[in-house]
Amino acid sequence: MIFNSVGSQQFRQYGRVITEYDLTDILERMEQTPLPEDVVYVRKDAYLEESHLYSEMKSRMYGESNIQFGYCNGHNDKLNALEYHRSSEVNIAVTDMILLLGRQQDITDEFTYDTSKVEAFLVPAGTAVEIYATTLHYAPCGVDGNGFKCLVVLPDGTNAELGDKHCSGDACTEGEDRLLAAANKWLIAHEDAGIDGAWNGLKGSNISTGGYQR
């Protein structure tokens, strides 16, 4: 697998590097978050939302829409799944990390996706990136066998538990509802990942970054 930089031309179809914010305070706050041996996702963290960056991004990045600051931390070197939202997501790399990305436009009419289309991008520590709404993404992967820490910014309520009943996963016979895994979250899983209740629409290998080392 080729590992591109988020500063490369290739990344521009998936997102952009954000340079207009001071990340010092939020990076210090993220140092206080855990780094487990598996992967943990916390969609909303009050301590992180006390950062001045929260109000700045709410005002400027998301046009005064309500947002949430959370994090995804841990150790991972597998694709496992791909998800998308109806909105951009901001990731801030506290450590070096790798994002495995694809395009929503490449999902088939049967809601499957060929994992050979996935591309890998190295995000250096201290870098903020906007991931566009049509970009497929999931948990980051670590670099040099190390764990990762990533601040995750999304519209408030994203990834919360669904309030209404929906047909989801393999129980669905048709439609995008089979991908709806949480509020504002549509997910396609790989069968090897064993994600309970998920639609196993990823076809091909469950890509591994193979303990990528520079």
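At 16% relative accessibility, Asn159 counts as buried, a class that requires under 20% relative accessible area, whereas exposed means over 50% and partly exposed lies in between (1.4 Å probe, protein chains only). The place of Asn159 is the loop between strand 12 and strand 13 (180-182), and its phi is near 75°, a positive value in a residue other than glycine. The structure is a predicted model, in which local features need pLDDT of at least 70, side-chain atom pairs count only at pLDDT 80 or more, and totals for chains, interfaces and linings use all residues. Residues are numbered from 1 along each chain as its sequence is written, and side-chain values use heavy atoms, with hydrogens and water left out.

Phe111 also has a positive phi, about 60°, although it is not a glycine. This residue lies in the loop between strand 7 and strand 8 (113-114), and because its relative accessibility is 18%, Phe111 counts as buried.

The overall fold was examined next. The chain contains three helices and 15 strands; helices (H or I, at least four residues) and strands (E, at least two) are DSSP runs, numbered from the N terminus. For 214 residues, a compact globule would have a radius of gyration near 17 Å, and the value of 16 Å for the chain agrees with this. The radius is taken over C-alpha atoms, and the globule rule is 2.2 Å times the number of residues to the power 0.38. Along the principal axes, the C-alpha atoms fill a box of roughly 45 × 40 × 35 Å. Of the 214 residues, 49% count as buried. Where contact means heavy atoms within 4.5 Å, 79% of the contacts between residues at least 6 apart in sequence join residues at least 24 apart.

Strand 4 (residues 67-74) is mostly covered, with eight of its eight residues buried. In a regular strand the side chains alternate between the two faces of the sheet. From strand 4, Ile67, Phe69, Tyr71 and Asn73 point one way, while Gln68, Gly70, Cys72 and Gly74 point the other way, and all are buried. Two strands pair if DSSP finds at least two bridges between them. Strand 3 (residues 39-42) pairs with strand 4 in the antiparallel sense over four bridges, and Val42 has Tyr71 of strand 4 as its bridge partner. Strand 4 also pairs with strand 12 (residues 148-155), in the antiparallel sense and over eight bridges; here the bridge partner of Gln68 is Leu154 in strand 12.

A further group of four strands forms an open sheet in the order 1-9-7-11, with mixed pairing. Strand 1 (3-5) and strand 11 (135-136) stand at the edges, each with a single partner strand, so one side of each is left without a neighbour in the sheet. Strand 11 pairs with strand 7 (residues 97-103) in the antiparallel sense over two bridges, and Gly102 stands opposite Leu136 in strand 11.

Towards the end of the chain, Gly210 is found in the segment after strand 15 (202-203). Its relative accessibility is 60%, and Gly210 therefore counts as exposed. Gly210 and Lys44 are 166 residues apart in sequence and 30 Å apart in space, C-alpha to C-alpha.
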